[in-house]
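Student: I have a new structure open and would like to talk it through. Could we go over it together, one topic at a time?

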Amino acid sequence: MENINRRSWFKTAGIGAAIIGTGSCKLNAEPSKSSAGKVITDKIIRLSSNENRYAPSPNIRQAMMDAMDLSYLYSPGHYKPLIEKIAKKEGVSTANILLVSGSNEGLRLTGLCYAMNGGEIITSTPTYKALLSYAEEFGGTINKVDRDQDLKFDLEEMEKRVSAKTQMVFLCNPNNPTGTLLDGEKTMDFCDKVSEKTMVFSDEAYADYIEEDNYPTMVPLVKQGKNVIVSRTFSKVYGMAGVRVGYLIARPDIIKTMKPKVMGYVNMMGVYGAIAALDDHEFYQHSLQKNKEAKQLIYDVCDDIGLRYVKSHTNFVFHQIKKDLGTYASEMLDLGVRVGRPFPPLTDWCRISTGNEADMQAWKKAMYEVYG
Ligand SMILES: Cc1ncc(COP(=O)(O)O)c(C=O)c1O
């Protein structure tokens, strides 16, 4: 250990270590014990992957613990109550839902299905790449439209580029990494029109964080039988990233084509945790409130230091750093804080995830050291 410098130690300590919330939140569950009976902790503050530091809530945790007793069973026989609950929440039929191991599996699966015979997917960059990189692996090409001056998807240009080659148009709304939200009515019109010509995918992983009244999801278009697929996740506001539960919402015939290509099962703890999560309204509201407070702190620090940022509709903030991200990330890591990865071509911007109160104070302190 003596030969390892502080930075490489932080880096090593970050790999594979679980993080347990230390905030003052009364909804926070008790820290877990590893099999060796030691509390599992992490030495770095991980604000790099848009996780929810207030999770798991005691109710979700208890449901997952109870489900341990069923862990010797294959889980699909236990999907039904969860799919029914999701369908009710989304206002669709159970035939519209495909349960997947985290929405990433749904994104990859879609990339595979729509690119395996070639063709192109139109999107705007930077955006979340899970579907796109999988599509490229299976022979698809990505037609990338530049973001507009507000770092939002340029819907007009995307629509212009739709051609006979187009297999799909990919939207991420709110978008990762920018945190931007598209105009609701414009987006609905865009998806409606474009879905007459090609499939539209709407990644709505962060939809729970949208505060705008009556903001439309693209689910109503699914209900109207359009060529639209929506993805959702339990990893963000419900804080279940480690147990991998997500779902796709689409027309029954689309779900039927994709279902045989699903590769893994959602694990039993995830299934019962997700059922509990949908009933845990108190934790849901608490997650939203704490996220809002953390974002405000990030805005205040950026304002004070003089760094531009984008108003976020997610659990992270994209902000300017006025230097190269590699240098900045290294400086922050030396101070014990892991920040987001690069999103080219915006390499003088950084995506910072919200954490608990202690995390945010540590981030603030590190920022004043770096910019002091
Ligand atoms: C936009 C977006 N979609 C999907 C995901 C994947 O989430 P999941 O944990 O459900 O695989 C993420 C994760 O950060 C994301 O940012």
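Tutor: Let us start with a definition: a disulfide is a pair of cysteine sulfur atoms within 2.5 Å. Please keep in mind throughout that this is a predicted model.

Student: OK, so how many disulfides does a search of the whole structure find?

Tutor: The search covers the whole structure and finds zero disulfides. Cysteine 302, for instance, is in no disulfide, and the nearest cysteine sulfur, which belongs to cysteine 350, is 9.3 Å away.

Student: And is cysteine 302 buried or exposed?

Tutor: Cysteine 302 is buried, since its relative accessible area is 0%, and cysteine 172, at 2% relative accessibility, counts as buried too because the cut-off for that word is under 20%.

Student: Stepping back, what helices and strands does the protein chain have?

Tutor: The protein chain has 13 helices and eleven strands. Of its 372 residues, 54% are buried, and the accessible surface comes to about 17,000 Å², with 50% of that belonging to carbon and sulfur atoms.

Student: Changing topic, which residues are closest to the ligand?

Tutor: The ligand is surrounded by 14 residues, and the closest are Ser103, Tyr206, Thr233, Ser235 and Arg244. Sorted by class, that shell holds five nonpolar, six polar and three charged residues, and its largest share, three residues, comes from helix 4, which spans residues 103-115.

Student: Which distances do you have for polar side-chain atoms and the ligand's oxygen atoms?

Tutor: Tyrosine 206 places a polar side-chain atom 2.6 Å from an oxygen atom of the ligand, while for arginine 244 the distance from a polar side-chain atom to a ligand oxygen is 2.7 Å. For lysine 236, an N or O atom in the side chain is 2.8 Å from an oxygen atom of the ligand.

Student: How much of the ligand does the protein bury?

Tutor: Taken alone, the ligand exposes 400 Å², and the protein buries 94% of that.

Student: Back to helix 4, where does threonine 110 come in?

Tutor: Threonine 110 has its place in helix 4, and with a relative accessible area of 0% this residue is buried. Leaving out residues up to four places away in sequence, threonine 110 touches Leu131, Met168, Phe201, Ile229, Leu248 and Met258.

Key. Residues are numbered from 1 along each chain as its sequence is written. This is a predicted model: local features need pLDDT of at least 70, side-chain atom pairs count only at pLDDT 80 or more; totals for chains, interfaces and linings use all residues. Side-chain values use heavy atoms; hydrogens and water are left out. Helices (H or I, at least four residues) and strands (E, at least two) are DSSP runs, numbered from the N terminus. Buried means under 20% relative accessible area, exposed over 50%, partly exposed in between (1.4 Å probe, protein chains only). Accessible areas come from the Shrake-Rupley method with a 1.4 Å probe; for residues, only the protein chains shown count as cover. A residue is near a molecule or strand if one of its heavy atoms lies within 4 Å of it. A polar contact is a pair of N or O atoms within 3.5 Å; within protein, one must be able to donate a hydrogen and the other to accept it, and residues adjacent in sequence count only if both atoms are side-chain atoms. Ala, Val, Leu, Ile, Met, Phe, Trp, Tyr, Cys and Pro count as nonpolar, Asp, Glu, Lys and Arg as charged, and the others, Gly among them, as polar. Contact means heavy atoms within 4.5 Å.
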